[in-house]
Every structure is written in structure tokens, then in C-alpha cells.
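Dear colleague,

I am passing on the structure that you will find just below. Please look through the model first and then read the notes that come after it.

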Amino acid sequence: MKITPDSLKAHDYTRKIRALSRKGAALKKKSRELNEALNATLRKCAELFQPKKDKEQ
């Protein structure tokens, strides 16, 4: 393969796109973790404010 300024530019773009893709995947993972933590917190709050009927009987 001949190395030309265009091929170097394309290679650079490919590297940047891969890096952005990895960052995007990491952000998705973090977002999922935060969402799960938020859901768990909301469930606990719901239990505190609305105790289950089993406990009342």
C-alpha cells in the first residue's frame, strides 16, 4: 500500500472514530449503571412511603 497524505488522513479519521466509539460505549455503560442505581433508590423510597400490605396484616 502506498502511503499518501490522503491515506494518512483516512487512518487518522478511523482512529478518531474508534476512540469516540469506545468513549460512547463507556458512557452508555456508566449511564446504565447510574440508571440502575436510580431505579433501586426509587424502589426503596416507594417502599418507605407505601409500605407493603403484608406488613399491615
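This is a predicted model: local features need pLDDT of at least 70, side-chain atom pairs count only at pLDDT 80 or more; totals for chains, interfaces and linings use all residues.

Residues are numbered from 1 along each chain as its sequence is written, and side-chain values use heavy atoms, with hydrogens and water left out.

The protein has 2 helices and 0 strands, where helices (H or I, at least four residues) and strands (E, at least two) are DSSP runs numbered from the N terminus. Of its 57 residues, 2% count as buried, which means under 20% relative accessible area, with exposed set at over 50% and partly exposed in between (1.4 Å probe, protein chains only).

A salt bridge is taken as a side-chain nitrogen of Lys or Arg within 4 Å of a carboxyl oxygen of Asp or Glu, and by this rule the count comes to 2. In one of them Asp12 pairs with Arg15 at 3.6 Å, N to O; these residues lie 3 apart in helix H1 (residues 5-49), and are therefore separated by about one helical turn. Asp12 also forms a salt bridge with Lys16, with the closest N and O atoms 3.4 Å apart, and here the separation of 4 residues in helix H1 is again about one helical turn.

As for accessibility, Asp12 is partly exposed at 27%, Arg15 is partly exposed at 48%, and Lys16 is partly exposed at 47%.
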